[in-house]
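Student: Hi, could you walk me through this one? I'd like to go feature by feature.
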Amino acid sequence: MRYERLGEIPRKRHVQVRRNGAGSPLLTEEVMGYEGFSGNETILYHLHSPCRLDAVGGFQSIEREEWVPDAHVHRLADTGPVDPGGDPLSGRRLLMWNADLEVWLCKPTEPFTGFYRNGEGDEVIYVHRGGGVLRSVFGRVPFREKDYLVIPRGTTHSFELDAGEQTWLCFHTPGEIETPNRYRNRYGLLLEHAPYSQRDFHPPGDLETLDESGEYPVTVRVRGGHQEYLLDRHPFDVVGWDGYVWPYTFNADDFEPRAGRFHLPPPAHQTFQGQNFVICTFAPRMLDWDPEAVPLPYHHSNIQSEEVMFYAEGDYAARKGVEVGSITLHPSGLPHGPQPGAVEKALGSKSTDELAIMWDTFRPLQLSTLWRDHDKPEYALSWNPDRSWASV
Ligand SMILES: [Fe+2]
């Protein structure tokens, strides 16, 4: 990300700084950075030491309930019937994972009363339904439907939820969430051909500097589990920060889709890059305009990736049985493409109103029992016109 600053920061780094002049306590400077001191970093100025604890609570490992299917096939699941519940952390239910990426479904109904910090990975929350405010040490980040809310590791935060339905896809990766290298020049500037610009990325707006005492529970994800702490000072005690690491939103409606005379494959829709995975946005767009163009994906054997697609909005012409809230998994080792009839039907189409979020991992994914409970095994046979969808 680019350089940002908020609040009051001293003229130089690593100097004596007091909020209210001589006689007032020194502020505590915290450098939060990736790759030791060689990656992106932000410097924050706290009223109190961010190490300060009142009590150390318990540690609980994250339990993953794996479903090992009987067969390796294309899969479809519907997230619509998954019951809402829990808060923005306890309400997360694992859908799939590998060593590079975890994907959790969350439909929170309860307020988040404590604070959370991911100490071992970056997070992206795709807000399918709902909205609210991410409150963080960096300030407040309002989020709304179709936002990608990107939260760097190390960000102590909480949530305020709007009233009404909330449905989120929560991604966790031990790697970094970045914009693709090819969209940026050597200075980090997003180039003219990128499907978004710096203006589309929204940093924290208002800094909350709370000099308060009380009981503040903080949950830190680390070593594959959650460690609980209790603080006696409010963790949002930052008076200013500057740097390249901060939470932000990017709205899917701000993705400027690309189209061609003939069909363009998913890299045209790439939004983020991670360690051995990508996240793409299939936004409403004009379709391939050559009179002989086939305006749907060609069959492909993506022999080194697993393709997962979440259908967020519109009518997805290439997929039978798919509705808003459905997820398809097209795993490695198998070709896939539009189902019979879909191509003929799509010929001559000028535009599509689909909005879909895709994540492709280069390494195989494991599925959870949540997927098992919402799996539609008939999808595997849906390319055979001799098998009616209803009877399989
Ligand atoms: Fe595909």
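Tutor: Happy to! A definition to begin with: strands are DSSP runs of at least two residues, numbered from the N terminus, and two strands pair if DSSP finds at least two bridges between them. Also, keep in mind that this is a predicted model.

Student: Okay, what joins strand 11 to strand 12?
Tutor: A hairpin does, through two residues. Strand 11 (residues 132-136) and strand 12 (residues 139-143) run antiparallel, with five bridges joining them.

Student: And which residue stands opposite glycine 132?
Tutor: That's phenylalanine 143, in strand 12.

Student: Is histidine 336 buried or exposed?
Tutor: Histidine 336 is buried, at a relative accessible area of 2%.

Student: How many aromatic pairs turn up?
Tutor: A search of the whole structure gives 20. One of them is tyrosine 196 with phenylalanine 255, edge-to-face at 6.3 Å centre to centre and 75° between the planes. Tyrosine 196 sits in the loop between strands 15 and 16 and phenylalanine 255 in the loop between strands 19 and 20, so the pair ties together parts 59 residues apart in sequence. Both residues are buried.

Student: Which cluster are they in?
Tutor: One aromatic cluster whose members include Tyr196, Phe255, Trp246 and Phe272.

Technical notes:
Residues are numbered from 1 along each chain as its sequence is written. This is a predicted model: local features need pLDDT of at least 70, side-chain atom pairs count only at pLDDT 80 or more; totals for chains, interfaces and linings use all residues. Side-chain values use heavy atoms; hydrogens and water are left out. Rings of Phe, Tyr and Trp (its six-membered ring) pair if their centres lie within 6.5 Å; planes under 30 degrees apart count as stacked, over 60 as edge-to-face and the rest as tilted. Helices (H or I, at least four residues) and strands (E, at least two) are DSSP runs, numbered from the N terminus. Buried means under 20% relative accessible area, exposed over 50%, partly exposed in between (1.4 Å probe, protein chains only).
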